[in-house]
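Okay, thanks everyone. Let me put the model up and walk you through a few spots.

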Amino acid sequence: MQSTVIAPSILSANFAKLGEEVDNVLKAGADWVHFDVMDNHYVPNLTIGPMVCEALRKHGVTAPIDVHLMVEPVDRIVPDFAKAGAALISFHPEASAHVHRTVQLIKASGCQAGLVLNPATPVEVLDYVLEELDLVLLMSVNPGFGGQSFIPSALAKLRRVREMIDRSGKAIRLEIDGGVKADNIAEIAAAGADTFVAGSAIFNAPDYADVIAKMKSAVSNVR
Ligand code: DX5
Ligand code: ZN
(Lines give C-alpha, C1' and ligand atoms only; values in the text may rest on other atoms or scores of the structure.)
(Ligands and ions follow the chains in the order given, each with its own letter.)
Protein backbone atom coordinates (compact mmCIF):
# COMPACT_ATOMS: atom_id res chain seq x y z
CA MET A 1 0.00 0.00 0.00
CA GLN A 2 1.19 3.51 -0.84
CA SER A 3 1.93 5.84 2.07
CA THR A 4 -0.50 8.68 2.76
CA VAL A 5 0.47 11.97 1.14
CA ILE A 6 -0.96 15.40 1.92
CA ALA A 7 -0.25 17.82 -0.91
CA PRO A 8 -1.31 21.40 -0.16
CA SER A 9 -2.26 23.32 -3.30
CA ILE A 10 -0.37 26.61 -3.33
CA LEU A 11 -3.18 28.08 -5.43
CA SER A 12 -4.68 29.24 -2.13
CA ALA A 13 -1.35 30.44 -0.65
CA ASN A 14 -0.35 34.08 -0.36
CA PHE A 15 1.58 34.56 -3.63
CA ALA A 16 3.23 37.72 -2.27
CA LYS A 17 5.22 35.51 0.14
CA LEU A 18 5.17 32.16 -1.60
CA GLY A 19 8.55 30.84 -0.41
CA GLU A 20 7.64 31.44 3.21
CA GLU A 21 4.19 29.91 2.72
CA VAL A 22 5.68 26.73 1.24
CA ASP A 23 8.29 26.51 4.03
CA ASN A 24 5.54 26.89 6.63
CA VAL A 25 3.21 24.29 5.15
CA LEU A 26 6.05 21.75 4.87
CA LYS A 27 7.10 22.48 8.45
CA ALA A 28 3.45 21.90 9.38
CA GLY A 29 3.63 18.31 8.10
CA ALA A 30 2.78 18.51 4.40
CA ASP A 31 4.43 15.85 2.23
CA TRP A 32 4.31 17.36 -1.27
CA VAL A 33 3.74 20.78 -2.82
CA HIS A 34 0.82 20.74 -5.29
CA PHE A 35 1.55 23.25 -8.05
CA ASP A 36 -1.45 24.26 -10.20
CA VAL A 37 -0.57 25.53 -13.67
CA MET A 38 -3.42 27.26 -15.55
CA ASP A 39 -3.25 28.87 -18.98
CA ASN A 40 -6.53 30.81 -19.51
CA HIS A 41 -7.19 28.46 -22.44
CA TYR A 42 -7.66 24.90 -21.21
CA VAL A 43 -9.11 26.40 -18.00
CA PRO A 44 -10.51 29.89 -17.43
CA ASN A 45 -7.78 31.09 -15.09
CA LEU A 46 -4.10 31.98 -15.25
CA THR A 47 -1.50 31.09 -12.63
CA ILE A 48 2.18 30.23 -12.47
CA GLY A 49 4.79 28.54 -14.64
CA PRO A 50 8.23 26.90 -14.56
CA MET A 51 10.04 30.04 -13.36
CA VAL A 52 8.08 29.96 -10.11
CA CYS A 53 8.81 26.25 -9.70
CA GLU A 54 12.51 26.94 -10.18
CA ALA A 55 12.34 29.85 -7.73
CA LEU A 56 10.93 27.52 -5.06
CA ARG A 57 13.81 25.08 -5.63
CA LYS A 58 16.35 27.92 -5.41
CA HIS A 59 14.63 29.09 -2.23
CA GLY A 60 15.53 25.67 -0.76
CA VAL A 61 12.36 23.61 -1.14
CA THR A 62 13.38 19.94 -1.34
CA ALA A 63 9.95 18.27 -1.01
CA PRO A 64 8.44 16.73 -4.17
CA ILE A 65 6.76 19.36 -6.34
CA ASP A 66 3.59 17.85 -7.82
CA VAL A 67 2.89 19.81 -11.01
CA HIS A 68 -0.74 19.73 -12.17
CA LEU A 69 -0.83 21.02 -15.73
CA MET A 70 -4.12 22.59 -16.79
CA VAL A 71 -2.67 23.76 -20.09
CA GLU A 72 -3.18 22.97 -23.76
CA PRO A 73 -1.08 21.89 -25.55
CA VAL A 74 0.95 19.97 -22.96
CA ASP A 75 4.17 18.72 -24.55
CA ARG A 76 5.95 22.03 -25.15
CA ILE A 77 6.04 22.88 -21.45
CA VAL A 78 6.99 19.44 -20.02
CA PRO A 79 10.80 19.70 -20.36
CA ASP A 80 10.70 23.21 -18.86
CA PHE A 81 9.03 21.90 -15.72
CA ALA A 82 11.41 18.96 -15.52
CA LYS A 83 14.35 21.39 -15.64
CA ALA A 84 12.64 23.63 -13.10
CA GLY A 85 12.60 20.82 -10.53
CA ALA A 86 9.20 19.13 -10.84
CA ALA A 87 9.11 15.63 -9.34
CA LEU A 88 5.74 14.65 -10.82
CA ILE A 89 3.91 16.07 -13.82
CA SER A 90 0.21 15.36 -14.43
CA PHE A 91 -1.92 16.43 -17.37
CA HIS A 92 -5.47 16.17 -18.70
CA PRO A 93 -5.99 13.73 -21.61
CA GLU A 94 -8.34 16.23 -23.32
CA ALA A 95 -5.40 18.66 -23.56
CA SER A 96 -3.00 16.32 -25.37
CA ALA A 97 -3.44 14.97 -28.90
CA HIS A 98 -1.28 11.92 -28.06
CA VAL A 99 -1.73 10.88 -24.45
CA HIS A 100 0.65 7.92 -24.52
CA ARG A 101 3.36 10.06 -26.13
CA THR A 102 2.99 12.76 -23.46
CA VAL A 103 3.33 10.15 -20.71
CA GLN A 104 6.54 8.88 -22.30
CA LEU A 105 7.84 12.43 -22.67
CA ILE A 106 7.28 13.16 -18.97
CA LYS A 107 9.09 9.95 -17.97
CA ALA A 108 11.94 10.56 -20.43
CA SER A 109 12.34 14.01 -18.84
CA GLY A 110 13.06 12.29 -15.52
CA CYS A 111 9.71 12.93 -13.80
CA GLN A 112 6.88 10.70 -12.64
CA ALA A 113 3.81 10.85 -14.86
CA GLY A 114 0.18 11.36 -13.90
CA LEU A 115 -3.10 11.50 -15.82
CA VAL A 116 -5.91 13.75 -14.54
CA LEU A 117 -9.59 12.90 -14.98
CA ASN A 118 -12.16 15.71 -14.85
CA PRO A 119 -15.44 15.04 -13.02
CA ALA A 120 -17.16 14.01 -16.29
CA THR A 121 -14.22 12.17 -17.86
CA PRO A 122 -14.91 8.41 -17.97
CA VAL A 123 -12.43 6.07 -16.31
CA GLU A 124 -12.03 4.15 -19.59
CA VAL A 125 -9.51 6.80 -20.66
CA LEU A 126 -7.13 4.85 -18.38
CA ASP A 127 -7.45 1.68 -20.48
CA TYR A 128 -4.21 0.93 -22.34
CA VAL A 129 -2.22 3.60 -20.46
CA LEU A 130 -2.77 2.89 -16.73
CA GLU A 131 0.27 0.63 -16.42
CA GLU A 132 2.50 3.39 -17.80
CA LEU A 133 1.43 5.83 -15.10
CA ASP A 134 2.88 6.64 -11.68
CA LEU A 135 -0.25 8.46 -10.58
CA VAL A 136 -3.92 8.92 -11.41
CA LEU A 137 -5.42 12.24 -10.28
CA LEU A 138 -9.19 12.42 -10.01
CA MET A 139 -10.72 15.90 -10.02
CA SER A 140 -13.52 16.30 -7.52
CA VAL A 141 -14.24 19.83 -8.79
CA ASN A 142 -14.07 21.31 -12.27
CA PRO A 143 -10.52 22.57 -12.74
CA GLY A 144 -9.74 26.27 -12.67
CA PHE A 145 -10.39 27.55 -9.18
CA GLY A 146 -9.77 26.78 -5.53
CA GLY A 147 -12.47 26.83 -2.89
CA GLN A 148 -15.16 24.83 -4.74
CA SER A 149 -17.29 22.07 -3.20
CA PHE A 150 -16.44 18.38 -3.49
CA ILE A 151 -18.53 16.67 -6.20
CA PRO A 152 -19.92 13.49 -4.56
CA SER A 153 -19.75 11.30 -7.71
CA ALA A 154 -15.95 11.38 -7.30
CA LEU A 155 -16.33 8.80 -4.50
CA ALA A 156 -17.75 6.12 -6.81
CA LYS A 157 -15.08 6.97 -9.35
CA LEU A 158 -12.34 6.61 -6.72
CA ARG A 159 -13.64 3.13 -5.90
CA ARG A 160 -13.56 2.14 -9.59
CA VAL A 161 -10.06 3.45 -10.20
CA ARG A 162 -8.84 1.89 -6.93
CA GLU A 163 -10.00 -1.48 -8.30
CA MET A 164 -8.27 -0.89 -11.62
CA ILE A 165 -5.00 0.03 -9.88
CA ASP A 166 -5.17 -2.95 -7.52
CA ARG A 167 -5.87 -5.26 -10.45
CA SER A 168 -2.81 -3.89 -12.27
CA GLY A 169 -0.59 -4.83 -9.32
CA LYS A 170 1.49 -1.69 -9.94
CA ALA A 171 2.55 0.96 -7.44
CA ILE A 172 0.34 3.71 -8.88
CA ARG A 173 -0.81 6.54 -6.62
CA LEU A 174 -4.47 7.60 -6.53
CA GLU A 175 -4.73 11.32 -5.89
CA ILE A 176 -7.84 13.44 -5.34
CA ASP A 177 -8.08 17.17 -5.97
CA GLY A 178 -10.86 19.61 -5.13
CA GLY A 179 -12.96 20.36 -2.08
CA VAL A 180 -10.96 18.10 0.24
CA LYS A 181 -11.42 19.12 3.91
CA ALA A 182 -10.65 17.64 7.32
CA ASP A 183 -14.31 16.64 7.65
CA ASN A 184 -14.68 14.73 4.35
CA ILE A 185 -11.17 13.28 3.95
CA ALA A 186 -12.04 10.04 5.80
CA GLU A 187 -14.73 9.02 3.30
CA ILE A 188 -12.40 10.00 0.45
CA ALA A 189 -9.66 7.80 1.88
CA ALA A 190 -12.15 4.97 2.43
CA ALA A 191 -13.07 5.19 -1.27
CA GLY A 192 -9.44 4.48 -2.17
CA ALA A 193 -7.41 7.71 -2.38
CA ASP A 194 -3.89 7.69 -0.91
CA THR A 195 -2.78 11.18 -2.00
CA PHE A 196 -4.82 14.24 -1.02
CA VAL A 197 -4.63 17.74 -2.49
CA ALA A 198 -6.09 20.48 -0.32
CA GLY A 199 -5.82 24.19 -1.04
CA SER A 200 -8.32 26.40 0.73
CA ALA A 201 -8.81 23.93 3.61
CA ILE A 202 -5.15 24.37 4.58
CA PHE A 203 -4.11 27.85 3.44
CA ASN A 204 -7.29 29.57 4.66
CA ALA A 205 -6.87 28.05 8.13
CA PRO A 206 -5.06 29.97 10.88
CA ASP A 207 -2.94 26.94 11.88
CA TYR A 208 -1.64 24.78 9.01
CA ALA A 209 -0.21 22.13 11.36
CA ASP A 210 -3.54 21.70 13.10
CA VAL A 211 -5.47 21.04 9.84
CA ILE A 212 -2.81 18.72 8.44
CA ALA A 213 -2.71 16.74 11.69
CA LYS A 214 -6.52 16.44 11.63
CA MET A 215 -6.42 15.25 8.02
CA LYS A 216 -3.69 12.68 8.68
CA SER A 217 -5.43 11.32 11.72
CA ALA A 218 -8.78 11.03 9.88
CA VAL A 219 -7.05 9.16 7.05
CA SER A 220 -5.13 6.86 9.38
CA ASN A 221 -8.41 5.67 10.91
CA VAL A 222 -9.53 4.24 7.57
CA ARG A 223 -6.33 3.11 5.83
C1 DX5 B 1 -8.36 23.31 -9.11
C2 DX5 B 1 -6.99 22.91 -8.63
C3 DX5 B 1 -6.94 22.49 -7.22
C4 DX5 B 1 -7.36 23.54 -6.24
C5 DX5 B 1 -7.94 22.85 -5.05
O6 DX5 B 1 -8.33 23.48 -10.48
O7 DX5 B 1 -6.51 21.82 -9.41
O8 DX5 B 1 -5.64 21.98 -6.90
O9 DX5 B 1 -6.33 24.38 -5.81
O10 DX5 B 1 -8.41 23.79 -4.18
P11 DX5 B 1 -9.40 23.41 -2.99
O12 DX5 B 1 -8.71 22.44 -2.12
O13 DX5 B 1 -9.63 24.74 -2.33
O14 DX5 B 1 -10.66 22.86 -3.62
ZN1 ZN C 1 -4.64 20.80 -8.77
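So, Thr195 has 0% relative accessibility, and therefore it counts as buried (under 20% relative accessible area, with exposed over 50% and partly exposed in between, 1.4 Å probe, protein chains only). Quick housekeeping: this is a predicted model, where local features need pLDDT of at least 70, side-chain atom pairs count only at pLDDT 80 or more, and totals for chains, interfaces and linings use all residues. Residues are numbered from 1 along each chain as its sequence is written, chains are lettered from A and ligands numbered from 1 in the order written, and side-chain values use heavy atoms, with hydrogens and water left out.

Back to Thr195, which sits in strand E8, residues 195–198 (strands are DSSP E runs of at least two residues, helices H or I runs of at least four, numbered from the N terminus). Its side chain has polar contacts with the side chains of Arg173, at 2.9 Å, and Asp194, at 2.7 Å. By polar contact I mean N or O atoms within 3.5 Å, one able to donate a hydrogen and the other to accept it, and residues adjacent in sequence count only if both atoms are side-chain atoms. Leaving out residues up to four places away in sequence, Thr195 touches Val5, Trp32, Arg173, Leu174, Glu175 and Ile176 (heavy atoms within 4.5 Å).

Now over to H1, residues 18–27: Leu18, Gly19, Glu21, Val22 and Val25 are buried there. They're on the same side of H1, because they cover an arc of only 165 degrees around the axis, going by directions from the helix axis to the C-beta atoms. Their cover includes strands E1 and E2 and helices H2, H7 and H8. Just past H1, Gly29 has a positive phi of about 110 degrees.
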